[in-house]
Amino acid sequence: MLSRLQAEERLAGLNDAAVAAGRVDQFDAARHLEGLESAARGAGRSAPARASAGQLAGMGIGLVSVPANDVSEPAEKALSDG
């Protein structure tokens, strides 16, 4: 059985071949090319969802807040790497 990704890739290949062979009307071919160009630009991608502290707690994942280092004091690691 094909995985979903393999099926999507095969279907995309068939669509590409149909457009390249001229088996698709001009309107559909133009729409297909616009979709490929849009995907190449990364258009339409949404930012990944971030889990809230409550959602993480519901999954049994603990959340610990760590205060940021004071900018006036260099980090210990930075001093040791010098």
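Me: Which residues in H1 meet which residues in H2?

Reply: On the H1 side you've got Asn15, Asp16 and Val19, and they meet Ala29, His32 and Leu36 in H2. Keep in mind that this is a predicted model. Sorted by class, the contact of H1 with H2 has three nonpolar, two polar and one charged residues.

Me: How do I describe the way H1 and H2 pack?

Reply: Two packed helices are described by the angle between their axes and the distance between the axes. Here, helix H1 (residues 4-20) and helix H2 (residues 26-41) pack at about 130 degrees, and their axes are 10 Å apart. That angle makes H1 oblique to H2, because angles over 145 degrees would be needed for roughly antiparallel.

Me: And what is the hand of the crossing where H1 passes H2?

Reply: Left-handed: that's how H1 passes H2.

Me: What span should H2 have, going by its 16 residues?

Reply: Take 1.5 Å a residue and H2 should span 22 Å; its end C-alpha atoms are 22 Å apart, so the two agree.

Me: What follows H2?

Reply: Glycine 42, with a positive phi near 85 degrees. Have a look just after H1 too, where glycine 22 takes a positive phi of about 80 degrees.

Me: How many helices and strands does the protein have?

Reply: Four helices and zero strands. Reading along the sequence, you get the pattern α-α-α-α.

Me: Let's pick a loop residue. Is valine 64 buried or exposed?

Reply: Exposed: its relative accessible area is 70%, and the cut-off for exposed is over 50%. You'll find valine 64 in the loop between helix H3 (53-58) and helix H4 (76-81).

Me: How far apart are valine 64 and alanine 53, in sequence and in space?

Reply: They're eleven residues apart in sequence, and C-alpha to C-alpha the separation in space is 9.8 Å.

Terms used: Residues are numbered from 1 along each chain as its sequence is written. This is a predicted model: local features need pLDDT of at least 70, side-chain atom pairs count only at pLDDT 80 or more; totals for chains, interfaces and linings use all residues. Side-chain values use heavy atoms; hydrogens and water are left out. Axes are lines fitted to C-alpha atoms, for helices over the stretch in contact, and angles run from 0 to 180 degrees between N-to-C directions. Helices (H or I, at least four residues) and strands (E, at least two) are DSSP runs, numbered from the N terminus. Angles under 35 degrees count as roughly parallel, over 145 as roughly antiparallel, 65 to 115 as roughly perpendicular and the rest as oblique. A crossing is left-handed if the near helix is turned anticlockwise from the far one by less than a right angle, and right-handed if clockwise. Contact means heavy atoms within 4.5 Å. Ala, Val, Leu, Ile, Met, Phe, Trp, Tyr, Cys and Pro count as nonpolar, Asp, Glu, Lys and Arg as charged, and the others, Gly among them, as polar. The expected span of a helix is 1.5 Å times one less than its number of residues. Buried means under 20% relative accessible area, exposed over 50%, partly exposed in between (1.4 Å probe, protein chains only).
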